[in-house]
Amino acid sequence: MYRYPVAEPDLGEEELRNVIEAVKSGWISSKGKFIEDFERAFANYIGVKYGIATSNGTTALHLALVALGIGSGDEVIVPDITFAATINAVLYTGAKPVIVDIHPEYWCMDPDKVEKAITSRTKAIIPVHLYGHPCDMDPIMEIASKHSLYVIEDVAEAHGAEYKGKKAGSFGHVSCFSFYGNKIITTGEGGMVLTNDCELAERMRMLRDHGMNPKKRYWHEVIGFNYRMTNLQAAIGLAQLNKIDRFIEKKRRIAKIYAEELSGIPGITLHPEMPWAKNVYWLYSILIDSSKAAITRDELSEKLEKEGIETRKFFYPLHEMPIYAKYSVYSYPVATTISRQGLNLPSSTKLTEEDVKFIARKIKESILSWKTL
Ligand SMILES: Cc1ncc(COP(=O)(O)O)c(C=O)c1O
């Protein structure tokens with residue numbers, strides 16, 4: 001147990017009340033009033049018409065890909081830096097993922113690299129809004145429209161983030177969210193797909209429920225899945241959704257303190273926020289360039305660990321892992337560098353301002369004293 005975790009669920013009385021209500025009602029599986037209420041309220045919050053709650057964020061991605069008809073012979077473009085679920089979901093369908101490099105300024109998929117990766121087999125692009133910062137959606141949507149491609153936003157790490165004043169998850173044909181315990185809002189395990197396309201929403205509902213015809217029980221139209229969310233999860237989700245703006249405000253406050261305390265240190269790059277972006281700083285992150293900071297990212301992480309301060313090294317680039325290496329057809333200089341330098345810092349909404357200042361002070365002390373000790 002860390003004194004200062006990178007992330008943790010922030011639950012209270014409202015979640016408890018809703019769960020008790022669900023338990024007392026007896027509706028603890030995937031039927032019950034909280035599911036539809038949560039779907040409607042979350043879709044409305046993001047600014048999209050339909051929400052399809054799922055068992056987790058990975059099944060949300062898989063459901064979306066299958067419902068869009070993506071499979072063997074198709075190519076889907078994914079960024080080199082993301083959680084493995086993004087590429088795994090593509091692989092489950094039999095389609096071929098095509099990995100592209102990230103942008104040096106904001107660490108998400110680089111639209112120029114996407115354009116260059118398009119072939120006659122490309123069917124979809126999955127922009128991942130990484131660590132709370134949105135992708136540059138205008139060029140991605142333009143490329144998709146020019147080549148008639150689907151855009152599946154992966155918003156697992158950026159609930160409530162904005163691009164040019166509109167919420168991430170409202171740009172693509174579909175968008176997928178995760179509500180895992182470390183996410184901005186959580187249902188324990190859980191996810192959701194959003195879309196404005198009524199027919200696609202119906203198809204996803206059917207596929208989520210074993211491909212069963214919703215009007216003819218136990219008549220199966222296609223081979224579907226059990227990707228349903230439970231009423232218990234949705235009960236927690238609905239209570240969390242009431243607090244989402246407070247959580248985001250707190251994340252942004254934490255980011256402001258880190259930025260004030262850590263700016264001007266040689267070799268440290270702060271978590272960016274592009275002029276067109278509202279970063280929700282799911283995990284406040286820094287880059288440590290050891291040629292200038294006189295400490296490596298790994299040395300800093302170890303020092304902080306001894307103080308009870310949890311940190312998380314950035315995702316490994318997908319192209320470096322042997323199981324995904326065959327999907328790397330380009331070069332990835334930006335992802336390679338950023339992955340080695342990046343560190344996620346404690347960003348729990350339960351941290352006090354004093355906690356964040358204490359952590360920042362420890363980071364500063366570690367960096368400034370390291371080689372002179
Ligand atoms: C970018 C990204 N996509 C997808 C997922 C998968 O979500 P889940 O863990 O709910 O399956 C996660 C995280 O967990 C993620 O960070």
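Seven strands make up an open sheet of mixed pairing, in the order 1-9-8-5-4-2-3. Strands (E, at least two residues) and helices (H or I, at least four residues) are DSSP runs, numbered from the N terminus, and two strands pair if DSSP finds at least two bridges between them. This is a predicted model, in which local features need pLDDT of at least 70, side-chain atom pairs count only at pLDDT 80 or more, and totals for chains, interfaces and linings use all residues. Residues are numbered from 1 along each chain as its sequence is written.

**Sheet and flanking helix**

Strand 1 (50-54) and strand 3 are the edge strands, each pairing on one side only. From one strand to the next, the twist averages 25 degrees; axes are lines fitted to C-alpha atoms, for helices over the stretch in contact, and angles run from 0 to 180 degrees between N-to-C directions. Strands of a sheet pair through backbone hydrogen bonds, either parallel or antiparallel. Strand 2 (residues 75-79) pairs with strand 3 in the parallel sense over five bridges, and Pro79 stands opposite Val100 in strand 3. Helix 2 (residues 33-46) lies across strand 1 and strand 9 (191-195), at about 125 degrees to strand 1.

Lys31 is found in the loop between helix 1 (13-25) and helix 2. Lys31 counts as exposed because it has 11 C-beta neighbours inside 10 Å; the cut-offs are 12 or fewer other C-beta atoms within 10 Å for exposed and 20 or more for buried, with partly exposed in between, and C-beta atoms are placed from the backbone.

**Domains and ligand shell**

An automatic or database domain assignment gives the domain bounds: domain 1 (13-100 + 108-241) and domain 2 (244-372). Their centres, taken over C-alpha atoms, are separated by 27 Å. The contact takes 29 residues from domain 1 and 28 residues from domain 2, where two residues are in contact if their C-beta atoms, placed from the backbone, lie within 7 Å. Strand 3 gives the most to the side of domain 1 that touches domain 2, with five residues.

The shell around the ligand has 14 residues, of which Gly57, Thr58, Ala85, Ala156 and Ser178 come nearest; a residue is near a molecule if its C-beta atom, placed from the backbone, lies within 6 Å of it. Helix 3 (57-67) and helix 4 (84-92) each supply at least two residues of this shell.

The table gives the residue classes: Ala, Val, Leu, Ile, Met, Phe, Trp, Tyr, Cys and Pro count as nonpolar, Asp, Glu, Lys and Arg as charged, and the others, Gly among them, as polar.

| Shell around the ligand | five residues | seven residues | two residues |
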